[in-house]
Amino acid sequence: MIEKIIVYCLLFAFSIQRTDSILVFRRFNIEISNHLEGNKQLMVQCRSGEQSTQVVFLAFSGVFKVRIRLDFKTLVWCNLWKGPDFKQHVSFDAFVGKESFIHDVCGSMKPNVCFWQAQDDGIWVRNNPTGALKLMYKWNT
């Protein structure tokens, strides 16, 4: 019986090592900034699992912030609508709790923020180590 328990514990420990275990239970931030020209508002709503943020209307240069605690299945997707008529829309994964997403899209775990910026041509993400913005999604019309 003890041998079975040891085997199960070893298998569990190995499975944790095979997933992005270093990310589990860490905190991370998502920020969405409105840089639409002509002082247009940006409508934002994000979801993660069964939880949803309230719909928020951001004025120019306003920032929407979401704090999350990572687990094995962390996924946050957001819907953005471009004012003034809010007909142009984009839905995208704002955060995926995998080391590859954090490194390749957000730039790294430091400063612990995945920063998105809405502009007239689409949604840009900032790669933190370089500070450069990269166009990721275009508005749907």
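Which residues do ring pairs link into a cluster with Phe28? Ring pairs join Phe28, Phe95 and Phe101 into a cluster, where rings of Phe, Tyr and Trp (its six-membered ring) pair if their centres lie within 6.5 Å, and planes under 30 degrees apart count as stacked, over 60 as edge-to-face and the rest as tilted.

The model is predicted, so that local features need pLDDT of at least 70 and side-chain atom pairs count only at pLDDT 80 or more, while totals for chains, interfaces and linings use all residues. Residues are numbered from 1 along each chain as its sequence is written, and side-chain values use heavy atoms, with hydrogens and water left out.

The secondary structure of the protein comes to two helices and 10 strands, where helices (H or I, at least four residues) and strands (E, at least two) are DSSP runs numbered from the N terminus. Read from the N terminus on, the elements run α-β-β-β-β-β-β-β-α-β-β-β. Of the 141 residues in the protein, 40% are buried; buried means under 20% relative accessible area, exposed over 50%, and partly exposed in between, with a 1.4 Å probe and protein chains only. Among contacts (heavy atoms within 4.5 Å) between residues at least 6 apart in sequence, 52% join residues at least 24 apart.

When residues up to four places away in sequence are not counted, Ile32 touches Leu42, Val44, Cys46, Leu58, Gly62, Val63, Phe64, Cys78, Leu80 and Trp116.

Strand E6 deserves a separate look. Six of the eight residues of E6 are buried, so this strand is largely enclosed by the rest of the structure. E6 pairs with E2 in the antiparallel sense over six bridges, where two strands pair if DSSP finds at least two bridges between them, and the bridge partner of Arg47 in E6 is Trp77. E6 also pairs with E7 in the antiparallel sense, over eight bridges, and here Lys82 stands opposite Gln88 in E7. E6 and E7 form a hairpin with five residues between them, and Phe86 in the turn has a positive phi of about 60°. The loop between E6 and E7 also contains Pro84, which a cis peptide bond with omega of about 10° joins to Gly83.

The structure holds six aromatic pairs. In one of them, the ring centres of Phe57 and Phe86 are 5.5 Å apart and the planes stand at 75°, so the pair is edge-to-face. This pair links distant parts of the chain, with Phe57 in strand E4 (residues 56-58) and Phe86 in the loop between E6 and E7, 29 residues apart. Phe57 is partly exposed at a relative accessible area of 43%, and Phe86 also counts as partly exposed, at 21%. The rings of Phe95 and Phe101 have their centres 6.0 Å apart and their planes at 75°, so this pair too is edge-to-face, and both Phe95 and Phe101 are buried.

A ring also meets a charge in this model: Arg126 lies over the face of Phe115, at 4.3 Å from the ring centre, the criterion being that NZ of Lys or CZ of Arg is within 6 Å of the ring centre and within 35 degrees of the ring normal. The C-alpha atom of Arg126 is separated by 9.4 Å from that of Val113, 13 residues apart along the chain. Val113 has its place in strand E8 and is buried, with a relative accessible area of 10%.

Two loop residues complete the picture. Asn39, in the loop between E1 and E2, has a positive phi of about 55° although it is not a glycine, and counts as exposed at 61% relative accessibility. Ser61, in the loop between E4 and E5, likewise has a positive phi, of about 70°, without being a glycine, and is partly exposed, with a relative accessible area of 46%.
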